[in-house]
Amino acid sequence: MKVVVLLSAGRHPVSGLGALPRLEAQAIRLGAALGPMRGLHAGPDAEAVAEALGRGLSEIDHVALGAGADPVPALAAALRAAAPDVVLAGRRGQGGDETGLVPYALARALGATLIPDVIAARPGSEPGVIEVEQALPKGAARRLVVRSPVVLTVHSAAPEPRPYAFGQVRRGRIEPLAVSAPEEPAAVAIAEKPYRARPKMMRGAPAGGSAADRLKAATGGGEAVQADVMVSPEPREAARAILAYLRQVGVLPPPARAG
Amino acid sequence: MTYALPALVFVMVALATVQTLRRAAWWRLGAAAPVAWGAGLLALPKRYLVDVHHVVARDAYASRMHAVVAGGLLAATLLAALAALPPLGGSRIYWAAVALAFGVTAAGAVLVGARRYPKRPKRLSGGGFQILPVLLLAYAFGGLAAALLLAFGVASAPALVAAVALAAGGGLGLAYEVRSGPMRHAVAGALHLIAHPRPRRFDGGAPDAALVALDLDAPRLGVETPADLAWNRLLSFDACIQCGRCESACPAFAAGQPLNPKRLIQDLVAAATADERAYAGSPYPNARDVAAPTEPLFRVIGEGARIHPDTLWSCTTCRACVEECPMMIEHVDAIVSLRRHQTLELGAVPAKAAATLDNLRAAEELGGRPLAARVDFAAGAPLPVIGEREVDVLLWLGEGAYDLRYGRTLRALVKLLNMAKVDFAVLGAEERDTGDLARRLGDEATYQTLARANVATLARHRFKRIVTSDPHALHALRNEYRAFGATYEVVHHTAFLLELVEQGRLAPGALGGASVTYHDPCYLGRYNGETEAPRKLLDRLGLDRVEMARHGRRSMCCGGGGGAPVSDIPGDARIPDLRMAQAAETGAGIVAVACPTCTAMLEGVTGRTAEVKDIAELLLASVEAGR
Amino acid sequence: MTRARRDPRSERAAAARPGLTRPRFELFARESGRRPRRNPRSETLAQQVEGPSRLRLDRAQTGRAAAALAPERAEPAAAPAPTTIVVEAPAFLVAVVPDLAGGRLSLHDRQLFDAARTLAGADGGVIALVGTEGAEFGPAGADRTARVAAPEGYDPDARAAAIAAAMAALDLRHVIFPETPDGGDLARRVAVLAGEPLFADVEMVAAATLMRPARGRRVEQRAAPARLITLAADAVAPYAGAPREARDEPLDTFAAPASAILSAERIPADPARTPLGLADFVVSAGAGVTDFDAFRATAAALGGTPGASRVLCDAGLMPREAQVGASGTVLSATCYLALGIAGAPQHLQGIAGCDHVVAVNTDLHAAMVERAGLAIVQDAQAVMPALIAELAREREASA
Ligand SMILES: Cc1cc2nc3c(=O)[nH]c(=O)nc-3n(C[C@H](O)[C@H](O)[C@H](O)COP(=O)(O)OP(=O)(O)OC[C@H]3O[C@@H](n4cnc5c(N)ncnc54)[C@H](O)[C@@H]3O)c2cc1C
Ligand code: SF4
Ligand code: SF4
């Protein structure tokens, strides 16, 4: 199976420094088990994805694009030429617009089936078929058998990425790739300003706030604003209170109704 | 017949030389290394008599034993050789002197034997080492008998032949053992003292503990096979006498983690040698299975190699082994260079450590937290951030600032600085991690990136000196950033606070009789030789200070260094639990600490009876009590 | 079952005597380590909803965990039955596509309706595009419902095609999806299929502008509402107005294209085997637990993934993979039940992301008790069998 991993010029969510998005590093690990694999990046600077070489990828194709250009036409053209069976990608870019549309647009352009949130993939029992496992909320999963070509987006519950090895970056190769695709500017420019956190409707720690807020948020502690404390209750009473609480927060199904 | 003994000595020396040359072929497999031969040779007597004996003397029996047996052996052998000079060979007084020297050797040999028989202490290796007293006894008594016969002029040829034969058996045995037996330590040890890779450690100043920078453009990063080690490192391993002092000092060994520094050194020797004798000392505790290939110079680390990765990652880089080693072997250098290859070339780091390294690389902070949040510990209290103006003191906050518990210590320190009207400031969001952890985990690339960035930041600001409460940061800033051309005056907060107290800028009151024991952080005590300031400061607080059995430069690690908490290799016990038990033996109600990592490790011990307090917190309490 | 459920929290709230001089608390002032008492005035203030000039209260914004978290309670059930609002001829339609996981509207689903309401304004109508029929949609805020044929099994492309078809047939002005694994996936499929722009992960909704974060939450982007929208969780309150009629809007049936997905098989979560980091509900033991059979039985009966503090893992009483905390697993669970765990800082770091914590501990002053939303100061060895017995009793009662 021929595999291509899409690489984006990601940024660390906290520091804003360039970093390979974790999901893409996990994608490399998933892809390594499927067959020969290359990376593909479209953007102004190939160095932005060099980290992938330290994560188990040895070759990356780089399509040079102007800053701010829409990468989809270039990627689609490159993928059409390479005709991989499997394209792996993160579910969303990180540090850019983060709309998560690119894999979908590419799947459409390639006529491939997109399977989101993949945690495992292996070649199927017959040629042209791939078996994937998809993460569902709360620890459930779905096992799918899909005809290739497929575009798989990776879920964070996929196996941990391979640790970064600086030395392997030196040995990896990034090769320029010329494609003929119209270079279009990304969709209409959108007004941007610095993010200001708004109070969430509920739960979740404040992202901004004072230093003391963040200190408190670091260990949780948000909830105990008005907590229930039952001192030396009867065990049975305690059990009832716990069950009621667990049902309230939705982790325990309500008792089966009589009938 | 008077030529028999000198002849024996010449044969012995010849044999030993051949054996040494055979061994030297192995050392030459190692990489080239610059060695100042002349200076080393000149310094040899001092290095041996002062530095080596300073360590040997910690074990009184061994020290006496070694002085007698080694001194006797050298003297007797040299004297016996002189018999080749005609006038001496005929002198009975001369032979009496030779007999005396052999007698001393014999006494020493008896001491050696008594230590190993009937029961050998656990830390000593058996196997080939057990014949050492036998050979020594044979050589000493043979030589003694021969010299006595000659001294008394007893012309019994059969007796003399028997005596010389006995001496020859022992002596030639000893000489033969120079290649791969117990006597190797003598020759390799002397050469090692001359060609030591860290000659500065003998200069008598602060310990020379800074790791050597790695050339990131080198074709191969770190040590994969023994041949990647410098030749004088291979030589240094041959100096090991398998005394096991490192093993008894090693916290990971004590906690039942699969690390034994002595065994590690021997594994490195065996990995370079085809026919090394089987190791007969204590194993790695809970040793992991490895499938060691038999060919030499294979890669050293791996499940299919000689040393299991868990062994490598158990080390806390505490340098206790280095401190205790009478042969001046540098275990930590070896461990870090092996780690460098694992991390940089193979990406084979433990999972948690990998996540930490990712954070350091992408967020310049090991928890991936915002750099601006480092000052959150102040919880609203004003904390001056450095600007254009030159300040007296730049306060380096370090990783501890993100820790809830340690915030208390830093708040106390800041309060004390304010009380003493110290002109200080912090870097605020410009402070990055020093890269210490990355470096100990072998990630030299990330370390160098962080170090360069910090050096550039510091160059933009004006300050007289740096004060930090984190000995790891102190070590990096003071000693390891030198490689980037940066020299700062870096002061640990305990030394700085002592200074303030001595200048009368802080007036501690008496804390009233509570008993306290001080836990030396490895990176302050052993790495920087600073053990006095914290004690002097504690003594000013009216506390009853008691010492743990292991303290000062011989203190035991809290288990928090070298990335051990993130590698988290399981053992039988946890290192901080062992250390807190040692503290409990003193009966002290307070364990005084001086490092954020020690604080976290020792506070995390369950069921502890003593309180864990940083010296800054104790000082603040006492200053407040004194008002 | 008609047994009135005791709610100690509301009992206590009811017993509170307002009007006394007491310190005022900022509602979200988390820095106070104490537990502030309720301040009804500031609560009401905080419940005010931005937007229309008329005073609107969002009763979910109590700042009190328990009331806010219970979707059932967020419904205006206690109010006198209001009259149904009917929009006879909406000028345009704004659609919502709820996930309907398990056939029910989740809290997030309900929030879509409020966002849709904002975009529909006075003239528009809100239509729910759903695969099933349900009486819930009217009270949730739907003026119309339309059934989009849901193909059997897992075929998201067919669903997307059906929604794209409905979008064209009903001339929908906006379609709002929840930014969830399923909803987000569907929205993107529809976007590339219909060639329409998508404004994803919206965190603020006003009639004329939407706001979404981008570049790792360092900037926010604002734009006039796009045709396709995904809404982040908890960005807006659920629709809280009077029920609407949810009139059925007929749609032509739609022939699904052939799918490349040859088979799909759902593997239900096995809490006992779910990796801790993924588990939704973790039942965890600390040094205060001595009866491990009871512990395992309790975790199994509650359907929680077992965890432990480091002490137990070090002692070999629980497997190492079960360790919760800084040097173990950092959880992302909704709820954490801590049995006999003191709450050392390293342990609490591992549960910082848990929304709800229940602590059972003999020590009232344990840090875990402080962290918990419900704390039981009692011997874990007594509480565990009581939990099992209570669950068994419930089962019997329903049999
Ligand atoms: C570097 C480092 C990393 C660490 N990482 C972690 C980590 O990842 N995870 C972790 O858990 N710990 C970690 N620790 C250890 C941590 O500091 C604590 O030691 C540990 O969490 C304590 O576990 P515990 O609460 O179960 O035990 P204890 O501290 O002994 O607490 C037991 C609790 O149970 C209560 N109790 C006793 N009997 C009963 C009973 N019959 N019924 C109900 N309650 C009872 C007690 O009141 C007490 O609160 C770390 C420590 C260090 C130094
Ligand atoms: S390394 Fe040093 S301390 Fe350890 S056994 Fe060898 S000589 Fe002794
Ligand atoms: S540095 Fe410390 S932990 Fe590492 S081998 Fe030496 S004594 Fe053991």
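This dialogue reads one chain interface and two ligand sites in a predicted model.

Q: What should I know about the model and the numbering?
A: The model is predicted: local features need pLDDT of at least 70, side-chain atom pairs count only at pLDDT 80 or more, and totals for chains, interfaces and linings use all residues. Residues are numbered from 1 along each chain as its sequence is written, chains are lettered from A and ligands numbered from 1 in the order in which they are written, and side-chain values use heavy atoms, with hydrogens and water left out.

Q: How many residues does the contact take from chain B and from chain A?
A: Contact means heavy atoms within 4.5 Å. Chain B gives 27 residues and chain A gives 20 residues.

Q: What area do chain B and chain A bury between them?
A: Interface size is often given as the accessible area lost when the parts come together. Buried area here uses a 1.4 Å probe and is summed over both parts. The value is about 1900 Å², with 56% of it on carbon and sulfur atoms. B:Ala362, B:Asp376 and B:Leu404 supply 28% of the area that chain B buries against chain A, more than any other three residues.

Q: How many salt bridges does the rule find across this interface?
A: A salt bridge puts a side-chain nitrogen of Lys or Arg within 4 Å of a carboxyl oxygen of Asp or Glu. The rule finds four between chain B and chain A. One of them joins B:Glu345 and A:Arg170 (3.5 Å, N to O).

Q: Which helix gives the largest share of the side of chain B that touches chain A?
A: Helices are DSSP runs (H or I, at least four residues), numbered from the N terminus. H16(B) gives the largest share, six residues.

Q: Which residues come nearest to ligand 1?
A: A residue is near a molecule if one of its heavy atoms lies within 4 Å of it. Ligand 1 lies between chains B and C. Of the 30 residues around ligand 1, the nearest are C:Ser309, C:Val324, C:Ser327, C:His347 and C:Asp379. A polar backbone atom of C:Ala287 is 2.8 Å from an oxygen atom of ligand 1. For C:Gly340, a backbone N or O atom lies 3.0 Å from a ligand 1 oxygen atom. Taken alone, ligand 1 exposes 980 Å², and the protein buries 84% of that.

Q: Which residues are closest to ligand 3?
A: B:Cys250, B:Cys315, B:Cys318, B:Arg319 and B:Cys321 are the closest of the 13 residues that surround ligand 3. Helix H14 (320–324) and H15 of chain B each supply at least two residues of this shell.

Notes. Buried area = accessible area lost by both parts, 1.4 Å probe. Polar contact = N/O pair within 3.5 Å; in protein donor to acceptor, adjacent residues only side chain to side chain. Areas by Shrake-Rupley, 256 points an atom, 1.4 Å probe, with all protein chains shown as cover.
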